[in-house]
Amino acid sequence: MNDGVVLRETRVRTGEVRSLVWDGDDLLDPVGGWRRWSPDGTEHRRERRKFGRPYDRAVTSPSGRWTVVYGERGTNGLLLDGRRVVRELPRDDYRAKDFDHPVGLGALSDGREVLVHCPEGYNRLQIEDVATGERLAVAPDEPELSPFHSRLTVSPGGRWLMSAGWVWHPAGICRVYDLDRALTDPSVLDGQGLLTYWPLIDAETDSACWLDGDRLALAAGDIGGEPEEDGSVDEERELGRHQLGIWSCSTAKWLYRHDLPGPIGTILGCGEAVLALYGHPRLFDIRTGDLLARWPKLTLPRRQGAYGATHTPSPVAAAHPDGSRVALAVKGGIAVIRVG
């Protein structure tokens with residue numbers, strides 16, 4: 001294992017970078033007034049766009065047409081079509097300051113781009129056609145289970161919806177729902193979902209990410225089952241403390257589970273590896289759990305989980321569509337690292 005390759009480091013003129021999106025080989029910061037940086041590091045003048053609220057995060061649809069800017073611990077967001085504001089997006093304000101805003105953009109299996117959020121209840125998922133605003137599926141009025149949904153992402157190919165939120169222990173959880181079924185039977189958005197493990201019995205989820213249209217990577221945190229004394233994996237345990245697990249949605253089972261040295265925080269899928277963003281970037285092989293590379297000089301927030309009264313902001317990162325590199329917001333600028 002060697003220190004990883006930093007392809008470039010770019011200093012920014014003013015203010016910190018709060019969001020990153022790839023546009024070809026350029027980088028954009030939607031929250032920062034659509035600041036743009038060329039591959040050579042040149043920063044271009046931002047648009048004079050003021051959103052009127054202290055938004056600090058952004059998500060973009062697969063096509064790049066739609067963007068939501070929002071407050072990570074706020075109660076409002078804005079849906080944008082290109083640079084044009086389409087409408088305000090409310091969020092249920094119950095305990096909003098204590099966990100990350102539940103909002104995501106993705107594409108269904110038929111190609112329609114959708115907005116997924118929780119405007120009418122922290123535990124009620126709503127799926128909308130982002131272009132028309134039509135409600136495609138809404139969870140029941142009185143859910144049987146009451147997760148605090150957060151960090152909503154649609155899988156590549158549009159079959160699955162993932163929520164990496166929490167329940168009132170408190171403990172982090174991950175739920176995966178069948179989007180194809182939800183469009184005809186919205187009740188599937190209320191329930192345990194596809195994953196079978198449960199926090200505190202097994203281990204809580206710090207973060208999760210899609211690797212492809214079937215495989216999901218989960219990082220377990222500090223709370224939950226202890227590793228075996230000899231370091232082996234307990235086959236009766238779904239996911240153990242400080243483990244990285246790779247779950248297949250189609251086969252409904254774990255493909256790999258590896259014990260890791262302590263928390264790894266937020267993770268980002270990078271082909272057959274995951275990039276862990278706790279403290280500094282580290283790249284782990286999903287098949288072996290081996291540490292492939294690390295970037296100790298790039299300081300990142302030590303962020304775990306979706307909840308917490310004391311808020312440490314999430315790392316700002318964006319993987320290039322070709323899978324070869326990841327852009328990271330670091331103190332004073334942007335670093336682009338090689339991951340593929």
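Strand 22 and strand 23 (residues 253-259) run antiparallel and are joined by 6 bridges, where two strands are taken to pair if DSSP finds at least two bridges between them, and where strands (E, at least two residues) are DSSP runs numbered from the N terminus. The model is a predicted one, in which local features need pLDDT of at least 70 and side-chain atom pairs count only at pLDDT 80 or more, whereas totals for chains, interfaces and linings use all residues. Residues are numbered from 1 along each chain as its sequence is written, and side-chain values use heavy atoms, with hydrogens and water left out.

Within this pairing, L244 stands opposite H258 of strand 23. The hairpin formed by strand 22 and strand 23 has 4 residues between the strands, and A252 takes a positive phi near 55° there. Strand 22, which spans residues 243-248, is mostly covered, with 6 of its 6 residues buried; buried here means under 20% relative accessible area, exposed means over 50%, and partly exposed lies in between (1.4 Å probe, protein chains only). In a regular strand the side chains alternate between the two faces of the sheet.

A search of the whole structure for salt bridges finds 25, each being a side-chain nitrogen of Lys or Arg within 4 Å of a carboxyl oxygen of Asp or Glu. One of these joins the side chains of R325 and D25, with an N to O distance of 3.1 Å. Because R325 lies in strand 29 (residues 325-330) and D25 in the loop between strand 3 (21-23) and strand 4 (26-29), the pair ties together parts that are 300 residues apart in sequence. Of the two partners, R325 is buried at 16% relative accessibility, while D25 is partly exposed at 37%.

A further salt bridge is formed by R124 and D141, whose closest N and O atoms are 3.0 Å apart. This pair links distant parts of the chain, with R124 in the loop between strand 12 (113-117) and strand 13 (126-129) and D141 in the loop between strand 14 (135-138) and strand 15 (152-154), 17 residues apart. R124 is buried, with a relative accessible area of 11%, whereas D141 is exposed at 63%. R112 and D110 also form a salt bridge, with the closest N and O atoms 2.9 Å apart, and R112 is partly exposed at 32% relative accessible area.

The search for disulfides, defined as pairs of cysteine sulfur atoms within 2.5 Å, finds 0 in the whole structure. C118 is in no disulfide, the nearest cysteine sulfur being that of C174 at 14 Å, and C118 is buried at 2% relative accessibility. The sulfur of C249 is 8.8 Å from its closest cysteine sulfur, in C174, which is too far for a bond; C249 is likewise buried, with a relative accessible area of 6%.

The second largest pocket has a volume of about 260 Å³. Of the 16 residues that line this pocket, E16, V17, P301, V316 and A329 are the closest to its centre. A pocket is an open set of points on a 1 Å grid over the protein atoms alone where a 1.4 Å probe fits, with protein on both sides within 12 Å along at least five of seven lines, and lining residues have an atom within 4 Å of a point. Its volume is the space filled by probe spheres set on the points, which are joined across faces, edges and corners. By class, the lining of the second largest pocket has 8 nonpolar, 3 polar and 5 charged residues, where Ala, Val, Leu, Ile, Met, Phe, Trp, Tyr, Cys and Pro count as nonpolar, Asp, Glu, Lys and Arg as charged, and the others, Gly among them, as polar.
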